[in-house]
Amino acid sequence: MSEPWNDEEDPAGENDAPAEAASSSSASEKSSGDDAPPSADQVKLALRKVKDPELNLNIIDLGLVYDIRVDGSDVDIDMTLTSPGCPAGPQIMTDIERAVKAIPGVGNVGLNLIWTPFWTPDRIEPRVRAYMGL
């Protein structure tokens, strides 16, 4: 009964992984397997909910996240702030940890605050930069 759906999602019939990956962005928080490790895309989606409270823009669009690595259930994030003295830094980092740990299957979350390359407004997503008039 489900064969027509399988044909559409995976015409080669090789496996179900590509179909699951394609649908993970819309169902990332509705994952049926709580033991399944998270994907980098799920982490990125969760990080879009974390905003810089001073700019009211999410940290992905601001270009504050440099890298996301997932190793089993462990997630490591390389990130920066708009400046070393950013007063919102502790809040942003707490919000990141809370958002990522809310993803089913996440174990440890490592935040690596780095300053190279230094953040500049050029790292802001182009459409957001245009909206901001930069």
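1. Asn56, at 52% relative accessibility, counts as exposed, where exposed means over 50% relative accessible area, buried under 20% and partly exposed in between, with a 1.4 Å probe and protein chains only. Asn56 sits in the loop between strand E1 (51–52) and E2, and it has a positive phi of about 55° although it is not a glycine. Helices (H or I, at least four residues) and strands (E, at least two) are DSSP runs, numbered from the N terminus.

2. The structure is a predicted model, in which local features need pLDDT of at least 70 and side-chain atom pairs count only at pLDDT 80 or more, while totals for chains, interfaces and linings use all residues. Residues are numbered from 1 along each chain as its sequence is written, and side-chain values use heavy atoms, with hydrogens and water left out.

3. On the overall fold, the protein chain has 5 helices and 5 strands, which follow the pattern α-α-α-β-β-β-β-α-β-α when read along the sequence. Of the 134 residues in the protein chain, 32% are buried. Among contacts in the protein chain with a separation of 6 or more, 62% are between residues 24 or more positions apart, contact meaning heavy atoms within 4.5 Å. The protein chain exposes about 8300 Å², of which carbon and sulfur atoms supply 50%; accessible areas come from the Shrake-Rupley method with a 1.4 Å probe, and for residues only the protein chains shown count as cover.

4. Helix H3 (residues 40–47) has as its buried residues Gln42, Val43, Ala46 and Leu47. These residues cover an arc of only 135° around the axis, which puts them on the same side of H3; the arc is that of the directions from the helix axis to the C-beta atoms. An α-helix has 3.6 residues a turn, so residues three or four places apart point the same way. The buried residues of H3 pack against strand E2 (57–58), strand E3 (65–71), strand E4 (74–79) and helix H4 (89–101).

5. Lys44, which is also found in helix H3, counts as partly exposed at 38% relative accessibility. With neighbours within four places in sequence left aside, Lys44 is in contact with Ile60 and Ile68. Lys44 and Ile60 are 16 residues apart in sequence, and their C-alpha atoms are 7.4 Å apart in space.

6. Ile77 belongs to strand E4 and is buried, its relative accessible area being 0%. Not counting residues up to four places away in sequence, Ile77 touches Val43, Leu47, Val65, Asp67, Ile96, Val100, Gly110, Leu111 and Asn112. The C-alpha atoms of Ile77 and Asp67 are separated by 5.7 Å, although these residues are 10 residues apart along the chain.

7. On the charged pairs, a search of the whole structure finds 6 salt bridges, a salt bridge being a side-chain nitrogen of Lys or Arg within 4 Å of a carboxyl oxygen of Asp or Glu. Arg48 forms one with Asp61, the closest N and O atoms being 2.8 Å apart. This pair links distant parts of the chain, with Arg48 in the loop between H3 and E1 and Asp61 in the loop between E2 and E3, 13 residues apart. The side chain of Asp61 also meets that of Arg127 in a salt bridge (3.3 Å, N to O). Because Asp61 lies in the loop between E2 and E3 and Arg127 in helix H5, the pair ties together parts that are 66 residues apart in sequence.

8. Lys101 counts as partly exposed at 45% relative accessibility, and Glu97 counts as partly exposed at 32%.

9. One backbone detail for checking is the peptide bond from Thr116 to Pro117, which is cis, with omega near 0°. Pro117 is placed in the loop between strand E5 (109–113) and H5.
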